[in-house]
Amino acid sequence: MSLEKNGAVIYCRVSTKEQASNLSLPLQEEKCRTYCADNKWEVVRVYSDQESAKTVNRTQFQEMLTFCGLNKSIAAVVVYDGTRFSRETMDALMVEAILNAKGIVVRSATQPFDESPEGGLLKTLVYAYATYDNKLRKKRTI
């Protein structure tokens with residue numbers, strides 16, 4: 001008897017208390033749940049952080065990664081968009097490579113991420129733009 005990987009975890013994130021209080025997290029989760037249903041993935045768990053994505057050292061993000069490593073039924077990590085996963089290109093690609101090695105894909109509910117050459121390029125561009133945007137905001141602040 002083989003166990004099919006059909007589980008998904010949802011990861012939602014906001015950076016500020018204001019974003020958390022304006023229904024952003026529930027809206028992200030709703031969109032991700034719809035995406036999972038459309039792809040016939042059972043939502044196993046939802047993780048939500050209220051921390052910047054400038055680092056992978058986010059409480060719920062780390063718990064999600066641990067859970068994915070231990071749960072053999074997880075097929076996908078679903079985020080609202082790439083900036084919710086990470087705002088550092090190298091971190092995003094490294095974490096995604098670790099998940100891919102376990103047979104887990106990262107998908108965006110609002111962006112066409114997949115394993116095609118075009119999907120991989122778009123994903124990398126989204127992560128790169130998020131990194132650029134953070135550095136530009138920092139420069140403007142200084």
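**Figure 1. Confidence of the predicted model.** pLDDT is the predictor's confidence in each residue, on a scale from 0 to 100. In this predicted model, the protein has an average pLDDT of 89, and 92% of the residues score at least 70. Among the elements of the protein, the highest mean pLDDT, 97, belongs to strand E3 (residues 74-79), and the lowest, 60, to helix H1 (residues 17-21).

**Figure 2. Lys40 in the loop between helix H2 and strand E2.** The loop that holds Lys40 lies between H2 (24-38) and E2 (42-50). Although Lys40 is not a glycine, its phi is positive, at about 60 degrees. Lys40 counts as exposed because its relative accessibility is 68%, and exposed residues are those over 50%.

Figure 3. Arg58 is found in the loop between E2 and helix H3 (59-70). The side chain of Arg58 instead reaches the backbone oxygen of Phe85, at 2.8 Å.

**Figure 4. Helix H3 and its buried face.** H3 comprises 12 residues and spans 17 Å from its first C-alpha to its last, close to the 16 Å expected at 1.5 Å a residue. The buried residues of H3 are Phe61, Met64, Leu65, Phe67 and Cys68. Seen down the axis of H3, these buried residues fall within an arc of 165 degrees, so they line one face of the helix. An α-helix has 3.6 residues a turn, so residues three or four places apart point the same way.

How values were computed:
Residues are numbered from 1 along each chain as its sequence is written. This is a predicted model: local features need pLDDT of at least 70, side-chain atom pairs count only at pLDDT 80 or more; totals for chains, interfaces and linings use all residues. Side-chain values use heavy atoms; hydrogens and water are left out. Helices (H or I, at least four residues) and strands (E, at least two) are DSSP runs, numbered from the N terminus. Buried means under 20% relative accessible area, exposed over 50%, partly exposed in between (1.4 Å probe, protein chains only). A polar contact is a pair of N or O atoms within 3.5 Å; within protein, one must be able to donate a hydrogen and the other to accept it, and residues adjacent in sequence count only if both atoms are side-chain atoms. The expected span of a helix is 1.5 Å times one less than its number of residues. The arc is that of the directions from the helix axis to the C-beta atoms.
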